[in-house]
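Let's go through a few labels and ask what each one rests on. Have a look at the model first.

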Amino acid sequence: MTTENPTPTGSGGVIRAEVIDAPLDLAAHEADVADPRAGAVVSFQGVVRDHDHGRGVTLLEYEGHPTAAAILREVASEIAADPAVYAVAVSHRIGTLQIGDVALVASVSTAHRAAAFAACARLVDEAKARLPIWKRQVFHDGTEEWVNCP
């Protein structure tokens, strides 16, 4: 997958939109969206949990379509187009993840907290709805299932 960092840190817009097979760094995303005009930075981490619908999960494996990075960039650009938003940074991890690993990081900066919370929620919701990334869950009993897979 590709990494896109088209805008220098702190200058606004989409600072980071990437799909990668390496651990994600929340602090780096927050630093990316830092802006002297910002009174709020809201971040989200999607973390691999040990259960799903009452079943114990041992690990997840994410696979992404080759267009996933471009679609994530499109989503981030739409959020960044909001005049209240100063900067956006978002990354989704692919590959095998263990319980407690971070699968998604999103950070948004704005002047005020309400706008930052709303923008970050939109970013996460749109990424989840539109990204062509599929998840294989492996359960304690050895069974597995694919989620969000057409």
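Q: This is a predicted model, so where in it does histidine 53 sit?
A: Histidine 53 is in the loop between strand E4 (51-52) and strand E5 (55-64). Its phi is near 50°, a positive value in a residue other than glycine.

Q: Which residues of H2 are buried, and what makes them line one face of the helix?
A: The buried ones are Ala68, Ala69, Leu72, Val75, Ala76, Ile79 and Ala80. Seen down the axis of H2, they fall within an arc of 140°, so they line one face. As background, an α-helix has 3.6 residues a turn, so residues three or four places apart point the same way.

Q: What is the volume of the largest pocket, and which residues are closest to its centre?
A: The volume is about 550 Å³. Of the 23 lining residues, Tyr62, His92, Ala103, Lys128 and Lys135 are the closest to the centre.

Q: Which element gives the most to that lining, and what is the lining like by class?
A: H3 does, with four residues. By class, the lining has 14 nonpolar, five polar and four charged residues.

Notes: Residues numbered from 1 in each chain as written. Predicted model: local features only at pLDDT ≥ 70, side-chain atom pairs only at ≥ 80, totals over all residues. Heavy atoms only, no water. Helix = DSSP H or I, 4+ residues; strand = E, 2+ residues; numbered from the N terminus. 1 Å grid on protein atoms, 1.4 Å probe; cavity = no way out; pocket = protein on both sides within 12 Å on 5 of 7 lines; lining within 4 Å. Points joined across faces, edges and corners; volume = space filled by probe spheres on them. Nonpolar A, V, L, I, M, F, W, Y, C, P; charged D, E, K, R; others polar. Buried < 20%, exposed > 50% of the residue type's maximum accessible area, 1.4 Å probe, protein only. Arc of directions from axis to C-beta.
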